[in-house]
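Below is a colleague's note for someone meeting this structure for the first time. Please read it beside the sequence and the model.

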Amino acid sequence: MSEGTLYDKVWDRHAVTRLPTGQDQLFVGLHLIHEVTSPQAFGMLRERDLEVAYPDLTHATVDHIVPTSSKDRPYRDDAAEEMMAELEENVRESGIEFSHPETGEQGIVHVIGPEQGLTQPGTTIVCGDSHTSTHGAFGALAFGIGTSQIRDVLATGTVAMEKQQVRKIEVTGDLGDGVEAKDVILEIIRRLGTEGGVGYVYEYAGEAIENMDMEGRMSICNMSIEGGARAGYVNPDETTYAWLEGREEVPEDGAFEERKAYWESIRSDPDAEYDDVVTIDGGALEPVVTWGTTPGQGVGVTEPIPEPEALPAEKVDTARRAQEHMRVEPGDTMEGYEVDVAFLGSCTNARLPDLRRAARIVKGREVDPDVRAMVVPGSQQVKAAAEAEGLDEIFTEAGFDWRGAGCSMCLGMNEDQLEGDEACASSSNRNFVGRQGSKDGRTVLMNPRMVAAAAINGEVTDVRKIKEVALNE
Amino acid sequence: MSDELEIPTVESVTGSGVAIRGNDIDTDQIIPARFMKVVTFDGLGEFAFFDQRFDDADNQKDHPLNEPAHQDASVMVVNANFGCGSSREHAPQALMRWGIDAFIGESFAEIFAGNCLALGMPTLEADAETVTAIQEWVEVNPDGDLEIDVAAETVTYGDTTVEVSVDDAQRKALLEGVWDTTALMKANAETVRETAEALPYVENGKRV
Ligand code: SF4
């Protein structure tokens, strides 16, 4: 078992007691809720005549079903309207803070938590959403939970969990041109497999991670779950503290320094023990894109798509079916794969630096006439900040649709969906069949600059071949 | 607010049965994804096995859950790997709200069984032969009671008593009434508060 890691320390500080079931009862420092998975839990609370135990440690937003075209109420989709109304009612009744669209602070739950400084090192964070792992970028212990567990957290402020093993993933070297956090995590998943992380929490370390900005670390932790790990984290450091200082929910001045001492204390010890260690040479990576229908089916953009038969036996069948669905041939590269849609959004890659990098590719160029391209900023604040820099103009002049904040085409639960067998260059995290709203749709995951390049050329493009344009910042 | 919530122990389940035959019945079949765009689990019962029970024009198809004789069934008798697929709790919720209180089957997907336990529903396992015999019996005796004894790990129907097995942790949780983590953890409210207040970022239940 691991010892002296951030995971061990934060777990111990939050462990209440050992339950008769053998699990630990863990205190939850921040419970994030959204409209899709919380209403049933509130219903169960009502059935039992229970109240929310820690409303001040709970925070709500709306993201999955919000339309990104207009925030006018009632929403055109009745089901969406009903879910929103239910959430409004629940948070009002329980006195829970809500980043409502009218506040200008609404957005994808995994974007707004950090943005408002709710997400802090050394805390435990849960949400009824598997990408809660994102918040681990700050050195928080953050994981997705199911509906009965949401009920548990609402009613008791705690969750029953079994401790997991810790795998350290060390990414060495400097990332090359055009290579980003997204490529690192796609490579990790390709190498360790989509189930490789089951039973593990991932600690991301090494120079490449240390040199990465917070947004990059969030992209990596975000997709821990695609690698089978329910949580992933990065030890907090000066980059973390500088990012947090001055945010709404973060203590100020003397209190900030005091808190920083706590944050430093929960970092993994230099001699911490891990259950497993994996090293990846970050300097050797190129932009990674997926060729299949799981996030683990990735390949360097100039590398050949693998022969299914060359893969481990248990993967052959899925690979064959994936290649049929995607209409790709082994031996080809993904470079040149035609796309109909470009989606720049999601909790993986729709933060300000993501949009800035993509804008450098887009500026002064035009979206291919056969491509519908959209930018869906991760939050209203990201959107406002991008507009203040004029990024919206760069995108719209090139032919992108500039939309409101939400999950949007990441899962197609609102009106933003693929149609028929459209192929989509997407900065999101899941390429499962049907994920983007059409059962015949084809999703190719890639980093945001690659999405921008694909939008311009109408096909998967090695972004390293495109000259970046400076923005007037 | 009821701090002293009693968790019922689940020692036995008695009621008539319904057989759902087939291996690898996944959660998408149990509750299709489109019915998940809802705010409560309340109405989910009527959508249980919806696409198996109704055609595109919403006409009833042949399905055990559509048969009048099975409308009061509370024990579902299934085959292997029942409940595989996504982790959606909507699946056991839909079946529970349709009226099911317990499952007997050859085997269950792990997450599905865990979700059932969180609702206090036992998932009992038996070999294929035993399960098939029970399925045949409930098809002929839709009104006949199955008596499940969780402690003894037996099922009695008609004049027959057969052995079934329940995983140890599940059996303990059901018999001792510790399957409901909400009630279990709520009982520790004071220790929870102490743990919280010892954290540098919580004071009086608020973030500081
Ligand atoms: S953006 Fe996509 S992955 Fe992220 S929370 Fe929304 S639906 Fe989930």
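**Notes on the model**

1. A:Asp253 is part of helix H10 of chain A, which covers residues 253–265. The backbone of A:Asp253 has a phi near 45°, a positive value in a residue that is not glycine. Please keep in mind here and below that the model is predicted.

2. The peptide bond that joins A:Arg73 and A:Pro74 is cis, with omega about -15°. A:Pro74 sits in a loop of chain A, with strand E4 (58–61) on one side and helix H3 (78–94) on the other.

3. How is chain A divided? The assignment gives domain 1 (6–161), domain 2 (165–284) and domain 3 (289–465). The centres of domain 1 and domain 2 of chain A, taken over C-alpha atoms, are separated by 22 Å. In the contact between these domains, 32 residues of domain 1 of chain A meet 33 residues of domain 2 of chain A.

4. Chain B is split into domain 1 (12–177) and domain 2 (179–208). Over C-alpha atoms, the centres of domain 1 of chain B and domain 2 of chain B are 36 Å apart.

5. Which residues are around the ligand? From chain A they are A:His64, A:Ile108, A:His110, A:Asp129, A:His131, A:Ser346, A:Cys347, A:Cys407, A:Cys410, A:Leu411, A:Asn429 and A:Arg435. By class, the shell around the ligand holds five nonpolar, five polar and two charged residues.

6. Within chain A, helix H2 (residues 39–47) and helix H5 (residues 147–156) have axes that come within 8 Å and cross at roughly 55°. Because of that angle, H2(A) is oblique to H5(A). The crossing of H2(A) and H5(A) is right-handed. On the H2(A) side the contact uses A:Gln40, A:Ala41, A:Phe42, A:Met44 and A:Leu45, and on the H5(A) side A:Thr147, A:Ile150, A:Arg151, A:Leu154 and A:Ala155. Sorted by class, the contact of H2(A) with H5(A) comprises seven nonpolar, two polar and one charged residues.

7. Helix H6 (residues 181–192) and helix H8 (residues 214–222) of chain A form another pair, with axes that come within 8 Å and cross at roughly 25°. Are these helices roughly parallel or oblique? Angles under 35 degrees count as roughly parallel, and H6(A) and H8(A) are therefore roughly parallel to each other. The crossing of H6(A) and H8(A) is right-handed. H6(A) brings A:Ala181, A:Val184 and A:Ile185 to the contact, while H8(A) brings A:Gly216, A:Ser219 and A:Ile220. The contact of H6(A) with H8(A) has four nonpolar and two polar residues, and no charged ones.

8. Helix H12 (residues 352–362) and helix H14 (residues 391–398) of chain A pack with their axes 10 Å apart, at an angle of about 45°. That angle makes H12(A) oblique to H14(A). The crossing of H12(A) and H14(A) is left-handed. In this contact, A:Leu352, A:Leu355, A:Arg356, A:Ala358, A:Ala359 and A:Val362 of H12(A) meet A:Leu391, A:Ile394, A:Phe395 and A:Ala398 of H14(A). What classes of residue make up the contact of H12(A) with H14(A)? Nine are nonpolar and one is charged, with no polar residues.

Terms used. Residues numbered from 1 in each chain as written. Chains lettered and ligands numbered in written order. Predicted model: local features only at pLDDT ≥ 70, side-chain atom pairs only at ≥ 80, totals over all residues. Heavy atoms only, no water. Axes fitted to C-alpha atoms, helices over the stretch in contact; angles between N-to-C directions. Helix = DSSP H or I, 4+ residues; strand = E, 2+ residues; numbered from the N terminus. Parallel < 35°, antiparallel > 145°, perpendicular 65-115°, else oblique. Left-handed = near helix turned anticlockwise from the far one by under 90°. Contact = heavy atoms within 4.5 Å. Nonpolar A, V, L, I, M, F, W, Y, C, P; charged D, E, K, R; others polar. Near = heavy atom within 4 Å. Domains from an automatic or database assignment.
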